[in-house]
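Please keep the sequence and the model in view while reading.

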Amino acid sequence: MKLTDFVVPEAILVDLQARKKPDAIKAMVSSLQAAGAIPESDVEAIFAAIMKREELGSTGIGNGVAVPHTKHAGVSRLVATVAISKTGVDFASLDGNDVHILFLLVSPPDRPGDHLRGLETISRHLREQSFCRVLKQTNSSQEVWELLNEVDQE
Amino acid sequence: MSSSQPRNVTVNGEHGLHLVPCSLIAKAANSFASEIQIRTGSKLANAKNIFDLMGLGVGKGAVLLLEATGADAEVALDALEELFNSGFEPHSRPEIAP
């Protein structure tokens, strides 16, 4: 699976302004809706589902990265967006640090394999410090998309 | 440095080794001094690194091999084996060794 298979380029946020977790998630879900990847009627429910998942344990997994996610019937395939925060978001991360790179995923409930493969693909790249460093330095959603395409080829 | 006999465990959870189990495994593994690795097929993960664990991408029913090297290798594998057997459910999680 490639990042560009499920990241929605029109939903990429390269200068996330939110400083708190709910605001960051809200911005990313709204961005997916504006890009047509999720129905407007499901935005509130998807936001609530993602926040509920966060109650089980923060998806701020360390290294300045967060992977908030949920399964929801409002999507027929795995969709995701990327947000970059220059100032950092308080995500109650496992290592206590703010996050600067966020991947938000929404997958259909009847395809758990897609969800798992999406997380696997993202982690495989996010464990590379060089990828995270370059991602944090991007200045446009086009640059982010080109970077994702580049690492997909590796 | 002592190595413990590797152990096979099965991933029981409906959703495979997703983020919650991965963070529990990493947290448990980091409480031990030993090096701990998890092997599946040709993939190898450092059990203390959540990115490594998530990169395994294993689903329900997968069989993993746990390996540990170090003074507390045996205790470490005991704890991780118990974690897998509990299915990572909150009510049945074992106490993690200090």
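In which helix of chain A does A:Val43 lie? The residue belongs to helix α3, which covers residues 43-56 of chain A; helices (H or I, at least four residues) and strands (E, at least two) are DSSP runs, numbered from the N terminus. This is a predicted model, in which local features need pLDDT of at least 70 and side-chain atom pairs count only at pLDDT 80 or more, while totals for chains, interfaces and linings use all residues. Residues are numbered from 1 along each chain as its sequence is written, and chains are lettered from A and ligands numbered from 1 in the order in which they are written.

A:Val43 is partly exposed because 17 other C-beta atoms lie within 10 Å; a residue is buried with 20 or more such atoms, exposed with 12 or fewer, and partly exposed in between, the C-beta atoms being placed from the backbone. Leaving aside residues up to four places away in sequence, A:Val43 touches A:Val29, A:Ser30, A:Gln33 and A:Ile38, where contact requires C-beta atoms, placed from the backbone, within 7 Å. Between the C-alpha atoms of A:Val43 and A:Ser30 the separation is 7.0 Å.

In chain B, strand β4 spans residues 63-69. Strand β1 (residues 7-10) of chain B pairs with β4(B) in the antiparallel sense over 4 bridges, pairing being defined by at least two DSSP bridges between strands. Here B:Thr10 stands opposite B:Val63. Strand β2 (residues 35-40) of chain B also runs antiparallel to β4(B), joined by 5 bridges, and B:Gln37 faces B:Glu67.

Notes: Contact = placed C-beta atoms within 7 Å.
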